[in-house]
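Visitor: Hi! Could you walk me through this one?
Guide: Happy to. Let's bring it up.

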Amino acid sequence: MSLHTASDQKNMEREFSTQIEDEIIRIEDVSVSYRVPSERIGTFKEYVIRRLQGRVQHQEFLALDHVNINIMQGEVFGVIGKNGAGKSTLLKLVSRIMKPTGGRVWVKGRVAPLLEFGAGFHPELTGRENVYLNGVLLGFSRRQMDKKFDRIVDFAELWDFIESPLRTYSSGMIARLGFAIATDVEPDILIVDEVLSVGDEAFQQKSAARMHEFREQGVSILLVSHNMLVIQEMCDRVAWIDHGRLQIIGSPVETIHHYRESQTTDGIQVS
Amino acid sequence: MNMETTEEIQIYDSSKQVSPALEEFREIFRYRDLVIQVVRRDILTRYKRSVLGVTWTMLNPLGTMLVLAIVFSQAFGTEFSYAAYVLNGLIAWNFFQQTTNASIAHLVWGGTLLKRIYVPRTVFAFSALGTGLFNLILSLVPLLLVMVITGVPIEPTILFLPIPILFLGMFSLGVGLLVSGLAVFYTDIAEMYQIILTAWMYLTPIIYPEEILPEQFRTLIAIFNPMYHLVRLFRAPLYYGEIPAFQETLIAGLIALVTLLIGWVVFTRRSDEFAYRI
């Protein structure tokens with residue numbers, strides 16, 4: 001109960017401050033439609049045969065349907081919804097991985113994707129080489145990485161292993177290195193897709209602390225999670241997306257309430 | 001939060017896109033350090049766990065040459081210094097084959113990455129080209145050695161070599177983009193391409209002197225096989241020790257440029273779909 005009142009108070013404070021801050025992400029009337037073949041055609045041979053037989057059929061699938069969202073600088077914005085509702089598509093639009101098929105996505109500043117740690121790691125390379133490789137993957141120059149390197153290894157606490165190949169690392173060590181790189185990019189916008197479940201407890205606390213630190217520094221955070229506690233704790237505003245349509249944007253308490261209500265009418269219990 | 005950034009604020013606007021082909025050009029320039037890092041990774045990882053290290057790059061074509069020289073040198077006449085000839089052609093061909101194949105492999109490797117973060121999609125073809133160039137330059141060492149041993153004079157025309165390398169590189173990049181772009185959509189393209197490569201190599205005077213071809217067949221190859229011109233241009237300053245005629249250079253250059261443009265445009269037009277096709 002005390003949690004509720006505390007977070008409500010926090011929300012009021014933040015709502016006030018967001019009005020004077022700048023807009024950082026604008027999603028204007030955005031639609032994404034995938035053109036999926038009715039049956040998956042994986043080979044060219046199959047494609048040619050089907051084409052000749054006139055059997056290539058496509059279905060339109062609307063992952064996002066005329067969505068409008070504005071996110072302000074320094075805001076922590078949560079997105080909730082069922083699996084396949086279009087949450088990840090939304091994140092991909094903001095991080096430039098996908099382009100909308102309709103509407104406009106406008107993003108101001110550097111976006112740091114925190115999707116999955118160590119996606120670009122190579123097991124044969126040393127920790128040092130991987131830090132550089134990962135850094136340039138995130139759009140930095142070598143010179144910029146020189147400046148960051150010490151800080152990254154400090155945070156990951158991996159000085160003893162930094163010259164050994166990554167295949168000798170434990171999965172926790174890899175996650176630590178990945179998180180350290182991803183959060184050292186000094187982003188304007190941080191994208192978090194349900195990842196704070198890696199590493200041991202101490203490291204989880206450390207990463208949570210870093211997220212708070214980000215928030216205090218005025219970094220906007222776009223957070224997708226199924227964990228309503230995290231959403232309620234962290235977010236200023238929350239959007240609920242269902243079947244590609246924006247259902248509601250509001251305070252965490254309000255949005256979660258609507259979301260849960262729809263779930264119970266569907267006969268599904270949400271934790 | 002940006003304490004040390006001197007760069008301007010990046011603004012991304014999905015509605016403001018000049019043309020994908022031009023946009024990609026700008027983006028790849030911005031991400032040039034990534035290309036360098038991926039090339040480094042390729043070279044480092046390839047040699048890290050091998051005893052001979054970088055020397056493999058030199059030994060590999062040398063081995064093939066040795067086998068071919070033993071088998072064929074008598075067949076094509078003894079005055080003709082077959083070993084240097086075939087090695088010269090093989091180096092050009094290997095470069096083309098490795099670069100285009102690596103473009104496919106890199107894009108498939110990068111597939112998991114493309115789903116997670118934004119990087120310019122041509123990064124993979126460019127880094128394949130970079131690794132290919134590194135290997136090409138290394139394998140010039142055994143070639144020059146073989147030339148010295150077999151008594152083929154090394155002429156100052158070798159200074160012309162960057163031109164054919166440039167054209168070969170442009171051509172390989174173009175084909176690499178084209179094939180890798182297709183391979184994303186259809187998994188069997190990569191296998192089909194291997195068959196095409198084998199046929200293509202035998203239709204290019206690599207392991208045989210072009211003089212043995214019947215006249216009509218030679219003209220056909222000259223018309224339909226772009227690699228014929230590129231390999232010729234590559235052999236001229238080394239094996240033949242001459243500067244190729246202007247017309248020959250022009251033809252090879254045009255072939256390279258047109259292939260690169262086609263590959264570039266086709267690839268960048270479809271690359272937005274990669275994220276959900278890989």
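Visitor: Which residue follows H4(A), and what is its phi?
Guide: H4(A) is followed by A:Gly139, with a positive phi near 100°. Helices here are DSSP runs of H or I with at least four residues, and strands are E runs of at least two, numbered from the N terminus. Do note that this is a predicted model: local features need pLDDT of at least 70 and side-chain atom pairs pLDDT 80 or more, while totals for chains, interfaces and linings use all residues. Residues are numbered from 1 along each chain as its sequence is written, with chains lettered from A and ligands numbered from 1 in the order written.

Visitor: Is H4(A) mostly covered or exposed?
Guide: Mostly covered: 10 of its 11 residues are buried (20 or more other C-beta atoms within 10 Å of their own, C-beta atoms being placed from the backbone). Among them are A:Tyr132 and A:Leu133.

Visitor: And what do those buried residues pack against?
Guide: H5 and helix H6 (171-183) of chain A, together with helix H2 (32-48) of chain B.

Visitor: How many residues of chain A are in contact with chain B?
Guide: 42 residues of chain A are in contact with 34 of chain B, contact meaning C-beta atoms, placed from the backbone, within 7 Å. Chain A's side has 19 nonpolar, 10 polar and 13 charged residues, where Ala, Val, Leu, Ile, Met, Phe, Trp, Tyr, Cys and Pro count as nonpolar, Asp, Glu, Lys and Arg as charged, and the others, Gly among them, as polar.

Notes: Two residues are in contact if their C-beta atoms, placed from the backbone, lie within 7 Å. A residue is buried if 20 or more other C-beta atoms lie within 10 Å of its own, exposed if 12 or fewer, and partly exposed in between; C-beta atoms are placed from the backbone.
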